[in-house]
Amino acid sequence: MLAGCSGGAPADPGTSPASATGSASPSASASPTPTPSAVYKPADASGPAQNVPVPVLPEVAKTETKEGAEAYAKYWFSVLSYAYETGNVDMFEQVEPTGCTACLKVKEVIKNWHSEGRWLVGGKLATPVANTTFEKAEDGRYQVAVQVHQEPLSYMRADGTVARTDPQAPDQGNLLMLDYKGGAWIASELGSIVG
């Protein structure tokens with residue numbers, strides 16, 4: 001996962017538009033046929049994840065409040081989780097702290113293992129707890145402590161064999177330093193809580 005640091009989602013597969021028929025006769029069913037929605041399928045030994053839900057910033061995470069800071073911190077880790085599952089780091093690059101060395105290393109791993117037919121299984125992040133006292137530090141930042149749980153991660157080769165599996169790691173404590181500027185939260189630094 002991430003140590004300390006400072007400092008485009010894929011298109012919907014969609015369906016082709018239904019052809020219009022020239023028939024004017026009334027049909028037995030007046031209700032339209034629902035378009036099947038894409039079903040999320042996590043990565044497994046047979047292939048990469050499909051139709052991974054794109055993280056959405058909750059409305060409360062747009063407010064300069066205790067609840068807003070905590071919600072934004074959870075959103076931040078959901079964006080990183082999305083990158084692990086999809087290999088798409090575009091959203092993560094929009095929220096990562098400037099000059100975050102650990103973020104660069106994680107992105108490199110994600111991009112490398114989602115290229116040349118390879119993929120990652122697992123690695124999904126959950127944030128059971130995000131908590132802040134909501135007191136500004138001297139530098140004007142807010143500090144949010146986040147408990148992060150990451151599923152075991154397997155590195156799959158293009159032929160479907162496992163290159164390596166990381167064992168289940170204990171939950172990590174992270175400190176996400178946030179600034180609130182221009183009506184939005186910005187992650188300015190990420191560090192680990194060493195117990």
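**Notebook: burial, disulfide and salt bridges**

I recorded that 35% of the 195 residues in the protein chain are buried (under 20% relative accessible area, with exposed over 50% and partly exposed in between; 1.4 Å probe, protein chains only). I worked on a predicted model, in which local features need pLDDT of at least 70 and side-chain atom pairs count only at pLDDT 80 or more, while totals for chains, interfaces and linings use all residues. Residues are numbered from 1 along each chain as its sequence is written, and side-chain values use heavy atoms, with hydrogens and water left out.

I looked up the secondary structure and found three helices and seven strands (DSSP runs, H or I of at least four residues for helices and E of at least two for strands, numbered from the N terminus).

I searched for disulfides (cysteine sulfur atoms within 2.5 Å) and found one. Cys 100 and Cys 103 form it, with their sulfur atoms 2.3 Å apart. The torsion about their S-S bond is about 70 degrees, so I noted the disulfide as right-handed. Cys 100 is buried at 1% relative accessibility, and Cys 103 is buried at 0%.

I then searched for salt bridges (a side-chain nitrogen of Lys or Arg within 4 Å of a carboxyl oxygen of Asp or Glu) and found eight in the whole structure. One of them joins Lys 107 and Glu 96 at 2.7 Å, N to O. Lys 107 lies in helix H3 (residues 101-113), and Glu 96 in the loop between helix H2 (90-95) and H3. Both Lys 107 and Glu 96 are buried. I also noted that Glu 93, Glu 96 and Lys 107 are linked in a network of salt bridges.
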